[in-house]
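My notes are below, in the order I went.

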Amino acid sequence: MQILFDVLRQYHYGNNEFSQNNTHLKPKETKPVVPSVLWVGCSDSQVIPHEVLGLQSGEVLVYQNIANQVRLEDAGFRSILQYALEELHIKRIIICGHYECSGVRLALQTFDQQNEYEYSDNSFNNWVNEIKYLAYRHWSKLRQILDFKMRCQRLAELNVLAQAQKLYQDDNFIKNQEDVKIIPWIFDQERYKVVDLSCEYDRQLIAI
Ligand SMILES: [Zn+2]
């Protein structure tokens, strides 16, 4: 209990410090800031989307899950996508993965240990089933990358491309909106820099 109290006190202290040191982040106008971009990112990416884009926090509509997946069957994802496109009229959707992703790493570690990617009682494991299948489909190339970290990085890139393609092919929201641009990015924490996968996305649109 004491540990929890200490942690909460640390959070409050951190918030006070943040509030005092970041007055420049507070909106200067009374009217609310309208997001101009939807960011689909990973929950463990350690990326602050608006900082990466050089925008205010309110200018980015953020959706995150493990391994930045486009889950069109997920009501949470569909609702934010609809809100972005139909209410906010957002025209740019960034799908941003990252290297050293725990979800991608788990998928790569376990993709060949499950037959037919059956659902188990491990939610984290189930959540990355589609990435395991992606690794399976690209295994002939991935297996040539002997270093596991590099192999994970390549799978993280392929995952971003696959998610972008899935969103691009969505019949309900995207397909009839030609002016909506889907931007596939991956974040490199070591260099603290975004890698743009757009060229590869165009080339691999059919192949992923
Ligand atoms: Zn991640």
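These entries go from the whole chain to the sheet, then to the core and one cysteine.

**Entry 1: the whole chain**

I note at the start that this is a predicted model. I counted elements and got nine helices and five strands in the protein chain. I then read along the sequence and wrote down the pattern α-β-α-β-α-β-α-α-α-α-α-β-β-α. Next I checked burial: of the 208 residues, 28% count as buried. Residues 24 or more positions apart account for 66% of them.

**Entry 2: the sheet**

In what order do the five strands lie in the sheet? I read β2-β1-β3-β4-β5, in an open sheet with mixed pairing. β2 and β5 (193-196) are the edge strands, and each pairs on one side only. From one strand to the next, the twist averages 30°.

I reminded myself that strands of a sheet pair through backbone hydrogen bonds, either parallel or antiparallel. Then I went pair by pair.

- β1 and β3 are parallel, with four bridges. Here Trp39 has Ile94 in β3 as its bridge partner.
- β3 and β4 are also parallel, with seven bridges. Cys96 has Trp185 in β4 as its bridge partner, and His98 stands opposite Phe187 in β4.
- β4 and β5 run antiparallel and are joined by four bridges. Phe187 faces Val194 in β5.

How many residues of β3 are buried? I found six of its seven, so I wrote the strand down as mostly covered.

I moved on to the largest nonpolar core, which has 44 residues. Ile95 and Val104 touch the most other members. The elements giving two or more residues to this core are β1 (37-42), β2 (60-65), α3 (75-87), β3 (92-98), α4 (102-110), α6 (129-137), α8 (148-168) and β4 (181-188). The largest share, nine residues, comes from α8. As background, nonpolar side chains tend to be buried together in soluble globular proteins.

What does Ile95 touch, leaving out residues up to four places away in sequence? My list reads Val40, Asn68, Val160, Gln163, Ala164, Leu167, Ile182 and Pro184.

Val104 took me to α4. The buried residues of this helix are Gly103, Val104, Leu106, Ala107 and Leu108. Their cover includes β1, α5 (123-127), α6 and α8.

**Entry 3: Cys199**

I found Cys199 in helix α9 (residues 198-204). Is Cys199 buried or exposed? It counts as exposed, because it has 9 C-beta neighbours inside 10 Å. The cut-off for exposed is 12 or fewer.

I also took a distance from Cys199 to Pro184. The two are 15 residues apart in sequence, and 9.4 Å apart in space, C-alpha to C-alpha. Pro184 was already in my notes, as one of the residues that Ile95 touches.

Terms used:
Residues numbered from 1 in each chain as written. Predicted model: local features only at pLDDT ≥ 70, side-chain atom pairs only at ≥ 80, totals over all residues. Core = buried A, V, L, I, M, F, W, Y, C linked by C-beta atoms within 7 Å. Buried ≥ 20, exposed ≤ 12 C-beta atoms within 10 Å, placed from the backbone. Contact = placed C-beta atoms within 7 Å. Pairing = 2+ DSSP bridges. Axes fitted to C-alpha atoms, helices over the stretch in contact; angles between N-to-C directions.
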